[in-house]
Amino acid sequence: MKSMKFGKKMRVVVLAATLLFGASAHLQAATDLPLKAGCENLSGWVLPAQVTSLPSGPVRIASANRVAASSATVSERGPTPAARFSPALPEFCRVLGAIDPVDPKAPQIQFQINLPLKWNGRSVQYGGGGFNGVLINALAMLPAAPFDQPVPLSQGYVTYGTDSGHQNQAGQPPQVFALNDEALLNFAHASYKKVRDVAVEVMKRSYGQGPEKLYFFGSSEGGREGLTMAQRYPQDFDGIFSRVPVIHWTGLQHTGLRDGMALMNGGWLPPAQVQLVGKAVLAACDAADGLVDGIVSDPVGCRQRFDVRKLQCESAAADTCLTALQVKAVQTLNAPLRLDVELANGLTEYPGRGPSGEALAALGPTGGWMAWWTGATAPSLPPQPSNGIGWFYGAGAIQYFYARNPSLDVGTYQMRDHAARVKEISALMDSTHPDLSAFHARGGKLIMMENMADYAQSPYAGIGYYESVIQKMGADTSATFIRLYTAPSVDHVGSGAPANVDMLGALSDWVERGRAPGTLELLEQSVSLPVQMLRARPLCQWPLVPRYQSGDVNNAASFKCSP
């Protein structure tokens, strides 16, 4: 493979804040297991390096403390819609620890394990985001979860997360850790395996037995981590949910460099032009699904309907048109990047982006072009945080991962000049291996979800990976263990259109009861207490898209998944 292709009246659900994130409708039926070891007694444990099969130092439990139950709250601001919520939590035992490195110059791997006082025999490992470097406490909502769904800890799951083996430092780029080989290996895959094994050992010692079922949930970088576990450590998890995964990692970082440079020397689009393109895309494509509602249900079809050249200025530049350089920049963003070096698993290009979601508001990492591509200011050398996130991330990755030269002028970088290192990093970081036969043989189930208005990465990379699995393993076999869903007009972190879905319920039903998921339901909910449901759409399996039939436009039953 040389490239990746790609009824009822609407109800408003209002939940009292005191009941928010309460008892789960799909709480597992297994007998609850109480903590056998007192929580505080776990503090000070030192576990041997042999608890994990990977080279490692000893494991040290720094602290273990009971944490009192807490109520749900919502903040006025946050980097993502879900991050504004602090979910209700039960009383639990919080275990903090670290895994010592082999290389004394490498950082420790920090982890947090949350032990419910009554355990349902299951666990959920949370993935990270960006370049990690922040401890994932595994107390937040799962990726894409409805805002009124109890978090896994409240359902009786053990939950755990890690910083992936490094901590971000103020004043330093988030990629600087990659200069250390062990820290880079930990970020690529080793830390998630090590922390998983440590968590299993802690569960055995705390409850008297290991977990019956293990799940991994991740989004973005965490989505890559989930697919990494299925590919590298297929025996470790029963169910994996991977949302908007940055699996084609090397291609993405080089595309971030290309797309940023396309904005230089007159190509940058200020907010007025971004809004212009967003409105033009909706005018060309919104109604194609039978309903004008601000959602582009068929972005693949929109590629044929929308032509950015129609927005080019006939004479002087203005807010109502694009210059030739701006048109070229948009065309670059939406085009595949042909790579000078063949990457892991034979990949030679990274797919283009869009259309849809261009003008979504930028709030931290939430939003369309203004967050991920254009930024508040045109790309600069050296990259600045006010630039688009894709440029800031991609240029930094080029310097620290591929060139290993923090002083590199990325404007002079050529992939072919660093071919050996590019191949090395691709083999470490790119989770694109299509052979999931070992994961399938152990009974593992995998659900992928791509948000189709995503500009942090191309959703067509995940679609291409899913299709490569089918090509490798056959459609019939693939249907027994993998699903791909696509959410129209939803950005990287869940804004723009209905984006919330109960994937823990769908995945656990498949893993534990053999109920394979079909069409699911996406919810758009208020970011407030009490939570209100605003509208719903079907979440269709790729390549189907939701098309309006008749009835209440806010009800998922009024739509049908069709080609």
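Trainee: How many residues does the largest nonpolar core have, and which have the most contacts inside it?

Mentor: Think of a nonpolar core as buried residues joined through side-chain atoms within 4.5 Å. In this predicted model, the largest one has 88 residues. Ile113, Leu115, Tyr160, Val198, Trp249, Phe401 and Tyr402 have the most contacts inside that core. Helix H1 supplies its largest share, 13 residues.

Trainee: What is Leu115 in contact with?

Mentor: Set aside the neighbours within four places in sequence, and Leu115 is in contact with Leu35, Leu42 and Phe92, including also Val158, Val202 and Tyr207. Another core lies apart from the largest one; that one has 28 residues, among them Ile447, Met449, Leu520 and Leu539.

Trainee: Now the sheet. How do I read which strands pair?

Mentor: Strands of a sheet pair through backbone hydrogen bonds, either parallel or antiparallel. Here 12 strands make an open sheet with mixed pairing, in the order E2-E3-E6-E7-E10-E9-E11-E12-E15-E16-E18-E17. E2 (46-47) and E17 (520-525) are the edge strands, each pairing on one side only.

Trainee: What packs on the sheet?

Mentor: That's helix H1, residues 181-207, which touches E2, E3, E6, E7, E9, E10 and E11. Its direction makes about 35° with that of E7.

Trainee: How many bridges join E2 to E3, and how many join E3 to E6?

Mentor: Two bridges join E2 to E3, running antiparallel, and Val46 has Arg60 in E3 as its bridge partner. E3 and E6 are also antiparallel, with eight bridges; there, Val59 sits opposite Ile99 in E6.

Trainee: And which residue in E7 is the bridge partner of Leu96?

Mentor: Gln112. E6 (92-99) and E7 (109-116) pair in the antiparallel sense over eight bridges.

Technical notes: Residues numbered from 1 in each chain as written. Predicted model: local features only at pLDDT ≥ 70, side-chain atom pairs only at ≥ 80, totals over all residues. Heavy atoms only, no water. Pairing = 2+ DSSP bridges. Helix = DSSP H or I, 4+ residues; strand = E, 2+ residues; numbered from the N terminus. Contact = heavy atoms within 4.5 Å. Axes fitted to C-alpha atoms, helices over the stretch in contact; angles between N-to-C directions. Buried < 20%, exposed > 50% of the residue type's maximum accessible area, 1.4 Å probe, protein only.
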